[in-house]
Amino acid sequence: MSKPKDEFPELENVIRRRAFLRAAAAGTTFLALGGGTYVLAADSDPRGKQLRPDGRPRLPPGQRILDALKPMGGEPGDPSPSAFKLRVHGDVDNPFELDFAGLLALPQTEQTCDVHCVTGWSVLGARFTGVKVAELAKMAKVRDTVRHVIFEAANGYTANVRLAEATAPNVLIAHKHEGNPLTRPHGPPARALVPDLYFWKSAKWVTGVRFVRTDRPGYWETRGYHNHADPWAEERHG
Ligand SMILES: Nc1nc2c(c(=O)[nH]1)N[C@H]1C(S)=C(S)[C@@H](COP(=O)(O)O)O[C@H]1N2
Ligand SMILES: [Mo]
């Protein structure tokens, strides 16, 4: 019997139910989040038990694996590249501003990395393209008194990261995810990406990178979340 198009949702449900039964038999679970079906199966996904080059387990404690970034909301900024301005400023000898073309004209890094949301999900092997914050720091001639970086974003959102961690080679101002421009929920046209700290440090709709001497706890850090946010130390709450 051939299936007309409008029966596909029903078919999908059947496939999903079968997958659920299979997963249940394997001791794993499925959970529907935001309309999608995600595997929450750290126990059965061998990647979770891999070791990183730094010797830490790939999946931090208390995290489960999702197959894609879950949109976590926030007050959006203007997504259009033509409106983009990134201020690189603070305790620097050479403050400057970049428009979107200026961001694209800098050396680009494409990387695959893992990200970890404090609510308990991680995505392993997410691909992002962008410019290293270390490159921006070099261009700005950061003074040697600087100890922290404040990522500034639309509508006053900020996130603070220690200078040494913000200038790690995998910290980017990212404008592509999985090879495509960032989609609306994920902070277009550009966002910070700090893979090795909880994902709230990765400010979406980024508008500035500010280098400072004195730490300034940001949006979530002043609302009960941990100032540092190391997923392997489970620095969830302050
Ligand atoms: N500007 C801005 N950036 C933000 C947020 C926000 O509310 N506003 N939320 C943060 C939180 S709590 C998380 S978990 C990640 C979620 O990113 P995603 O929606 O792309 O998954 O963005 C972070 N960046
Ligand atoms: Mo979050």
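This is a predicted model: local features need pLDDT of at least 70, side-chain atom pairs count only at pLDDT 80 or more; totals for chains, interfaces and linings use all residues.
View 1. A backbone N or O atom of Met72 lies 2.8 Å from an oxygen atom of ligand 1, and a backbone N or O atom of Ser202 is found 3.1 Å from a nitrogen atom of the ligand. Taken alone, ligand 1 exposes 530 Å², of which the protein buries 94%, with accessible areas taken from the Shrake-Rupley method and a 1.4 Å probe.

**View 2. The shell around ligand 1.** The ligand is surrounded by 19 residues, and the closest are Lys70, Met72, His186, Arg191 and Lys204; a residue counts as near if one of its heavy atoms lies within 4 Å. By class, this shell holds 12 nonpolar, four polar and three charged residues, where Ala, Val, Leu, Ile, Met, Phe, Trp, Tyr, Cys and Pro are nonpolar, Asp, Glu, Lys and Arg are charged, and the others, Gly among them, are polar.

**View 3. The largest pocket.** Ligand 1 takes up the space of the largest pocket, in the sense that more than half of its atoms lie within 2 Å of the grid points. A pocket is an open set of points, on a 1 Å grid over the protein atoms alone, where a 1.4 Å probe fits, with protein on both sides within 12 Å along at least five of seven lines, and its lining residues have an atom within 4 Å of a point. The largest pocket holds about 530 Å³ of space, the volume being that filled by probe spheres set on the points. Of its 24 lining residues, Met72, Gly73, Gly74, Tyr157 and Trp220 lie nearest its centre.

**View 4. The second largest pocket.** About 190 Å³ of space lies here, and the lining includes Arg52, Asp54, Arg58, Asp114 and Asp196. Strand S6 (residues 109–116) gives the most to this lining, with four residues.

**View 5. Two backbone features.** Pro188 and Pro189 are joined by a cis peptide bond with omega of about 5°, and Glu178, although not a glycine, has a positive phi of about 55°.

**Conventions.** Residues are numbered from 1 along each chain as its sequence is written, while chains are lettered from A and ligands numbered from 1 in the order in which they are written. Local features need pLDDT of at least 70, side-chain atom pairs count only at pLDDT 80 or more, and totals for chains, interfaces and linings use all residues, whereas side-chain values use heavy atoms, with hydrogens and water left out.

Note on methods: A polar contact is a pair of N or O atoms within 3.5 Å; within protein, one must be able to donate a hydrogen and the other to accept it, and residues adjacent in sequence count only if both atoms are side-chain atoms. Helices (H or I, at least four residues) and strands (E, at least two) are DSSP runs, numbered from the N terminus.
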